[in-house]
Amino acid sequence: MQANRFMTIASVWIAATWAAHAAPLKVATLQLAETKPHYSLECSYPRTGLSTIDRSIEIWARKLASDFAADANDFESRGAMPWRAELTYEVPRNDGAVFAVAFAYYINSGGAHPNSSSETFHFLLPDGYRAELAEIFTP
């Protein structure tokens with residue numbers, strides 16, 4: 001009985017230690033770029049090799065690009081200045097426990113001034129579960 005308890009405690013300790021020292025994910029940058037007479041679009045986003053993370057980010061980035069192109073096409077006939085969009089990212093945390101990516105989105109749709117916004121993704125490792133901030137922080 002004592003040996004089983006020791007093995008259980010040792011297994012939990014080893015698993016926790018391994019997760020804390022797991023290697024960071026390897027990150028490659030993927031690009032989406034499109035130039036038309038009435039708009040230009042440049043999107044950069046990460047690929048990690050972990051399908052749950054990659055799929056979530058790629059679906060989001062491609063939808064953002066598609067929505068921008070559709071909106072720009074709607075305004076093509078109005079003869080306004082060409083639209084421009086740019087999506088960039090940085091990885092503030094990649095330590096084997098959490099993979100976090102922060103996106104900056106810039107768009108100039110011919111108005112008085114351009115707009116920008118941000119979006120963050122937080123994935124728990126090793127499985128790539130996307131955690132919302134409310135799940136990570138408590139009030």
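Biologist: Is Ser40 buried or exposed?

Modeller: This is a predicted model, in which local features need pLDDT of at least 70, side-chain atom pairs count only at pLDDT 80 or more, and totals for chains, interfaces and linings use all residues. Residues are numbered from 1 along each chain as its sequence is written, and side-chain values use heavy atoms, with hydrogens and water left out. Buried means under 20% relative accessible area, exposed over 50%, and partly exposed in between (1.4 Å probe, protein chains only). Ser40 counts as buried because its relative accessibility is 17%.

Biologist: With which side chain does the side chain of Ser40 make a polar contact?

Modeller: A polar contact is a pair of N or O atoms within 3.5 Å; within protein, one must be able to donate a hydrogen and the other to accept it, and residues adjacent in sequence count only if both atoms are side-chain atoms. The partner here is the side chain of Arg84, at 3.2 Å.

Biologist: Which residues touch the most other members of the largest nonpolar core?

Modeller: Nonpolar side chains tend to be buried together in soluble globular proteins. A nonpolar core joins buried Ala, Val, Leu, Ile, Met, Phe, Trp, Tyr and Cys residues through side-chain atoms within 4.5 Å. Of the 25 residues in this core, those touching the most other members are Ile57, Phe68, Leu87, Phe99, Val101, Phe103 and Tyr105. The most is given by α2, with eight residues.

Biologist: How does Ile136 count in terms of accessibility?

Modeller: Ile136 counts as partly exposed, because its relative accessibility is 38%.

Key. Helix = DSSP H or I, 4+ residues; strand = E, 2+ residues; numbered from the N terminus.
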